[in-house]
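Here are my comments on the model, point by point. Please read them with the structure open.

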Amino acid sequence: MKLSANIWSAVVVVGMVLFSQCSPYAGKSVLHFFFDGVPENDSTSLANVETNGIPDDSTGNSNETLAFAEPEGKIHYPFGEGECASCHNEQALGTMVEPQPGLCYICHEDLAEQYSYLHGPVAGGYCSACHDPHRSANEKLLRITGDALCFHCHEAESVLGNEMHEGLEGMLCTDCHNPHGGEDKYIFQ
Ligand code: HEC
Ligand code: HEC
Ligand code: HEC
Ligand code: HEC
Ligand code: HEC
């Protein structure tokens, strides 16, 4: 199984590189977890923060305005409240008060306490590979929705070629698999 673990690492790195092509914004953040040398953006004010394709308010200020104008857009509560310091070191915005997943567990329930087996990227603390820590146009702050999220790291050909996955038309990966964890390595719902 050593070999398969190596293959998975490669698959994940490929996935991350793919993520990096979605937008320069997301890419830089994800790459940061792999290569400490990638410089952080030096923006220090909300006005400079990318908005995931949502046009910035022309006055250049106020989250509330954006939230109000775009009720379908999801804003992570602490970001919307301007509580940047709950995650970022105030002296150096590019550094976090704690690495993930601990950063997220400051406020959220520890997923390791909920599941006996954790999905690889959850165990590894790559929460922000799937969730945008600030805002997203998608439910649950997801960067990508549906099966495409899974296929960013898992090779479609290999997954769909598995006899376990015959005749899945009309089903979502998450109908059977939990994105965070489960009772065993197959992380069933
Ligand atoms: C819930 C935790 C959290 C909060 C609250 C938060 N951030 Fe972030 N922020 C992150 C994480 C994690 C990253 C690392 C990039 C990633 O993984 O997407 C990041 C990255 C950034 C970056 C680098 C560019 C980028 O987006 O990758 C900037 C600039 C930034 N945050 C600004 C802010 C500002 C300004 C606020 C307050 C309005 C804020 N953040 C609130 C977690 C948070
Ligand atoms: C300072 C507290 C705090 C931190 C740190 C924090 N969150 Fe949250 N998060 C909240 C609150 C408050 C909510 C809204 C209430 C809820 O749904 O639990 C929320 C909601 C969410 C949601 C659900 C959003 C929705 O639309 O239903 C996700 C996903 C999420 N957070 C992911 C993360 C991730 C990933 C991290 C770490 C990068 C993180 N959070 C760190 C406070 C926090
Ligand atoms: C492989 C992608 C992936 C990773 C990695 C991931 N999540 Fe999620 N997360 C999801 C998906 C998909 C959902 C939506 C599940 C649903 O709607 O049933 C979700 C939902 C959530 C929610 C909302 C739960 C709710 O019931 O509303 C929170 C909070 C959350 N994740 C936190 C985290 C934290 C903290 C981490 C890292 C320790 C993490 N996630 C890592 C994919 C992921
Ligand atoms: C950020 C990359 C990433 C994303 C996105 C992702 N996965 Fe994974 N997945 C992994 C890694 C890493 C492993 C662990 C592989 C290992 O340890 O052998 C894994 C393992 C699994 C396994 C267990 C397979 C095994 O043989 O151990 C299943 C099932 C799975 N993922 C389903 C999903 C589903 C469903 C989604 C979409 C909701 C998803 N994954 C999204 C990276 C990812
Ligand atoms: C109908 C339920 C079901 C659905 C839907 C489903 N799976 Fe699976 N998946 C399984 C079963 C069953 C296994 C095999 C478990 C075993 O071998 O004991 C499995 C195994 C896996 C594995 C590990 C073995 C492999 O093929 O590499 C991965 C990764 C995986 N699924 C990802 C996905 C992804 C991604 C999707 C969405 C395209 C998906 N699954 C949809 C039931 C499902």
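1. Contact range. Among contacts between residues at least 6 apart in sequence, 50% join residues at least 24 apart. Two residues are in contact if their C-beta atoms, placed from the backbone, lie within 7 Å.

2. Basis of these notes. This is a predicted model, where local features need pLDDT of at least 70, side-chain atom pairs count only at pLDDT 80 or more, and totals for chains, interfaces and linings use all residues. Residues are numbered from 1 along each chain as its sequence is written, while chains are lettered from A and ligands numbered from 1 in the order in which they are written.

3. Confidence. The average pLDDT (the predictor's confidence in each residue, from 0 to 100) is 74 for the chain. A score of at least 70 is reached by 62% of the residues. Over residues 1-71, pLDDT stays under 50. The model has 59 contacts beyond four places in sequence for that stretch. Where pLDDT is low, the predicted coordinates should not be read in detail.

4. Overall make-up. The chain has 11 helices and 6 strands. These are DSSP runs, numbered from the N terminus: helices are H or I with at least four residues, strands E with at least two. Of the 189 residues, 12% count as buried. Buried means that 20 or more other C-beta atoms lie within 10 Å of the residue's own; 12 or fewer is exposed, in between is partly exposed, and C-beta atoms are placed from the backbone.

5. Hairpin. β2 (residues 88-89) pairs with β3 in the antiparallel sense, over 2 bridges. Strands pair if DSSP finds at least two bridges between them. The hairpin formed by β2 and β3 has 2 residues between the strands. H88 is opposite M96 of β3.

6. Ligand 2. Its shell has 20 residues, and Y77, S86, C104, C107 and C127 are the closest. A residue is near a molecule if its C-beta atom, placed from the backbone, lies within 6 Å of it. Two or more shell residues come from each of α4 (77-80), α5 (102-105) and α8. By class, 10 are nonpolar, 6 polar and 4 charged. Nonpolar covers Ala, Val, Leu, Ile, Met, Phe, Trp, Tyr, Cys and Pro; charged covers Asp, Glu, Lys and Arg; the others, Gly among them, are polar.

7. Y77. This residue belongs to helix α4. Y77 counts as exposed because it has 10 C-beta neighbours inside 10 Å. Its C-alpha atom is separated by 9.8 Å from that of P133, 56 residues apart along the chain.

8. Ligand 3. Of the 17 residues around ligand 3, the nearest are P101, C104, C127, C130 and P179. Helices α7 (120-123) and α8 (127-130) each give two or more residues to this shell. The largest share, 3 residues, is from α8. The shell divides into 11 nonpolar, 5 polar and 1 charged.

9. Most residues other than glycine have a negative phi, and most peptide bonds are trans. The bond from Q100 to P101 is cis, with omega near 5 degrees. P101 sits in the loop between β3 (92-96) and α5. K140 has a positive phi, near 55 degrees, and L141 has one of about 55 degrees. K140 lies in the loop between β5 (135-136) and α9 (147-151), and L141 is also in the loop between β5 and α9. Is K140 buried or exposed? K140 is exposed, because it has 11 C-beta neighbours inside 10 Å. L141 is buried, because 20 other C-beta atoms lie within 10 Å.
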